[in-house]
Amino acid sequence: AARALVDHAFTQLHVTLVHAEIEPDNRPSRAVIERLAFTEVTGTIPTRSPTAVAYSITAEAWTTLTESP
């Protein structure tokens, strides 16, 4: 479901960046986002929670990932 959501954001809504904020203790959610090739962002994007870990992926990175064999 997460892959479909991210793909929809890039291919149908034409966003340039998808951002996720996940609490550090939420290992299952972090594993999903990391499998989707999101990278951890530090110091550049303020999070809504002071303890959240921020992740993002660009449309360019997503296209490269999804077009790879």
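At 33% relative accessibility, A37 counts as partly exposed, where buried means under 20% relative accessible area, exposed over 50%, and partly exposed in between (1.4 Å probe, protein chains only). A37 is placed in the loop between α2 (27-35) and β2; helices (H or I, at least four residues) and strands (E, at least two) are DSSP runs numbered from the N terminus. The phi angle of A37 is near 75°, a positive value in a residue other than glycine. The model is predicted, so local features need pLDDT of at least 70 and side-chain atom pairs count only at pLDDT 80 or more, whereas totals for chains, interfaces and linings use all residues. Residues are numbered from 1 along each chain as its sequence is written, and side-chain values use heavy atoms, with hydrogens and water left out.

Two further loop residues were examined. H14 belongs to the loop between α1 and β1 and has a positive phi of about 60° although it is not a glycine. With a relative accessibility of 60%, H14 counts as exposed. P46 is found in the loop between β2 and β3 and, at 71% relative accessibility, also counts as exposed. From P46 to R27 the separation is 19 residues in sequence and 21 Å in space, C-alpha to C-alpha.

The strands form an open sheet of three members in the order β1-β3-β2, with antiparallel pairing; two strands are taken to pair if DSSP finds at least two bridges between them. β1 (17-22) and β2 (39-41) stand at the edges with a single partner strand each, so one side of each is left without a neighbour in the sheet. From one strand to the next, the twist averages 35°, with axes being lines fitted to C-alpha atoms, for helices over the stretch in contact, and angles running from 0 to 180 degrees between N-to-C directions.

The pairing of β1 with β3 is antiparallel and extends over six bridges. Within β3, I57 is the bridge partner of V18, and S56 stands opposite H19. β2 pairs with β3 (residues 53-58) in the antiparallel sense over three bridges. On this side, E40 stands opposite Y55, and V41 has A54 as its bridge partner.

The strands were also examined for burial. β3 is mostly covered, with five of its six residues buried. In β1, the covered face consists of V18, A20 and I22, while L17, H19 and E21 make up the uncovered one. In a regular strand, side chains alternate between the two faces of the sheet.

The largest nonpolar core has 13 residues, among which F38 and Y55 touch the most other members. Such a core is a set of buried Ala, Val, Leu, Ile, Met, Phe, Trp, Tyr and Cys residues joined through side-chain atoms within 4.5 Å. Two or more residues are given to this core by each of α1, β1 and β3. Leaving aside residues up to four places away in sequence, F38 touches V6, V18, A20, I33, Y55, S56 and I57, contact meaning heavy atoms within 4.5 Å.

In α1, the buried residues are V6, A9 and F10. These residues cover an arc of only 90° around the axis, which puts them on the same side of α1; the arc is that of the directions from the helix axis to the C-beta atoms. The elements that cover the buried residues of α1 include β1, β3 and α3.

One aromatic pair is found in a search of the whole structure. Rings of Phe, Tyr and Trp (its six-membered ring) pair if their centres lie within 6.5 Å, and planes under 30 degrees apart count as stacked, over 60 as edge-to-face and the rest as tilted. The ring centres of F10 and W62 are 6.2 Å apart and the planes lie at 35°, so the pair is tilted. F10 lies in helix α1 (residues 2-11) and W62 in helix α3 (residues 59-67), so the pair ties together parts that are 52 residues apart in sequence. Both F10 and W62 are buried.
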